[in-house]
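Have a look at it first, then read on.

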Amino acid sequence: MTTAHAQEATGDTAAAARARGATVWLTGLPSSGKTTLALALAGRLRAEGHEVEVLDGDEIRSYLSRGLGFTREDRHTNVTRIGFVAELLASHGVKVLVPVIAPYADSRAAVRARHTARGTELLEVHVATPVELCSARDVKGLYARQAAGEISGLTGVDDPYEAPEHPELRIRTQGRSVAASAAELYTFLTERGLA
Ligand SMILES: Nc1ncnc2c1ncn2[C@@H]1O[C@H](COP(=O)(O)OP(=O)(O)OP(=O)(O)O)[C@@H](O)[C@H]1O
Ligand SMILES: [Mg+2]
């Protein structure tokens with residue numbers, strides 16, 4: 001292939017990647033790195049001309065899921081609602097990044113089934129960080145508050161977290177920089193033809 005032809009092919013691939021919508025769901029424990037990696041990926045994709053939306057748990061709970069608590073049923077409802085919005089956006093060519101704990105396997109499976117039924121791609125990324133490291137990071141102070149008895153029902157500590165058995169990607173953040181993990185996530189998208 002000549003250089004000109006190679007550049008044209010690369011350009012076509014990039015354009016095709018930009019046109020494809022998909023949901024990238026980052027599941028993992030509190031402080032595992034979901035938001036950090038979603039925002040890093042969002043920045044890079046936007047810079048490359050992708051339409052990107054980030055549906056983050058805290059913001060969603062202030063609006064779309066206002067009034068919901070943290071019972072199993074409410075967590076399921078929260079994940080189902082987010083999944084519905086994600087599937088709508090993804091079906092219109094948006095890269096939807098969802099850094100949301102989603103602790104229950106059946107909730108995640110239901111979101112996947114709906115995406116599949118709509119013909120929309122969903123990639124499940126497990127941000128796999130040991131609970132001891134999450135607790136040491138404790139970005140929001142939740143682990144400390146749980147330990148002090150101020151709150152209960154913290155995912156991974158005294159509330160269930162069902163880690164995905166077969167995620168499309170498992171990112172182990174222990175001993176890895178944010179940049180390295182973000183690069184791993186981006187590379188995965190390129191392998192899938194999405195970046
Ligand atoms: N390799 C890595 N990947 C991602 N985050 C990392 C990594 N190494 C260290 N960190 C740090 O871990 C913390 C992860 O916090 P973040 O808010 O992203 O977690 P979260 O999973 O979104 O938690 P929550 O469920 O409470 O919203 C950040 O302070 C980040 O800088
Ligand atoms: Mg977060």
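This is a predicted model: local features need pLDDT of at least 70, side-chain atom pairs count only at pLDDT 80 or more; totals for chains, interfaces and linings use all residues.

As for conventions, residues are numbered from 1 along each chain as its sequence is written, chains are lettered from A and ligands numbered from 1 in the order in which they are written, and side-chain values use heavy atoms, with hydrogens and water left out.

- Five strands make up an open sheet with parallel pairing, in the order 2-3-1-4-5. Strands here are DSSP runs of E with at least two residues, helices are runs of H or I with at least four, and both are numbered from the N terminus.
- Strand 2 and strand 5 (169-172) sit at the edges with a single partner strand each, so one side of each has no neighbour in the sheet.
- From one strand to the next, the twist averages 20°. Axes are lines fitted to C-alpha atoms, for helices over the stretch in contact, and angles run from 0 to 180 degrees between N-to-C directions.

- Strand 3 (residues 95-99) is largely enclosed by the rest of the structure, because 5 of its 5 residues are buried. Buried means under 20% relative accessible area, exposed means over 50%, and partly exposed is in between, with a 1.4 Å probe and protein chains only.
- In a regular strand, side chains alternate between the two faces of the sheet. Here both faces are covered, with K95, L97 and P99 buried on one side and V96 and V98 buried on the other.
- Strand 1 (residues 22-27) pairs with strand 3 in the parallel sense over 5 bridges, and A22 has K95 as its bridge partner. Two strands count as paired if DSSP finds at least two bridges between them.
- Strand 2 (residues 52-54) also pairs with strand 3 in the parallel sense, over 3 bridges. There, V52 stands opposite K95.

**Helices across the sheet**

- Helix 4 lies across strands 1, 2 and 3, running at about 150° to strand 1. Contact here means heavy atoms within 4.5 Å.
- Helix 8 lies across strand 1, strand 4 (122-128) and strand 5, at about 165° to strand 5.
- T80 belongs to helix 4 and, at 34% relative accessibility, counts as partly exposed.
- Although T80 and E162 are 82 residues apart along the chain, 16 Å separates their C-alpha atoms.

**Pocket and cavity**

- On a 1 Å grid over the protein atoms alone, a cavity is a set of points where a 1.4 Å probe fits but cannot get out, and a pocket is an open set with protein on both sides within 12 Å along at least five of seven lines; lining residues have an atom within 4 Å of a point.
- The largest pocket holds about 790 Å³ of space, where a volume is the space filled by probe spheres set on grid points joined across faces, edges and corners.
- Its lining has 35 residues, with P30, K34, I101, K140 and L142 nearest the centre of the pocket.
- Helix 2 gives the most to that lining, with 4 residues.
- W25, R108, V111, L122 and E124 line the largest cavity, and helix 5 (105-118) and strand 4 each supply at least two of its lining residues.
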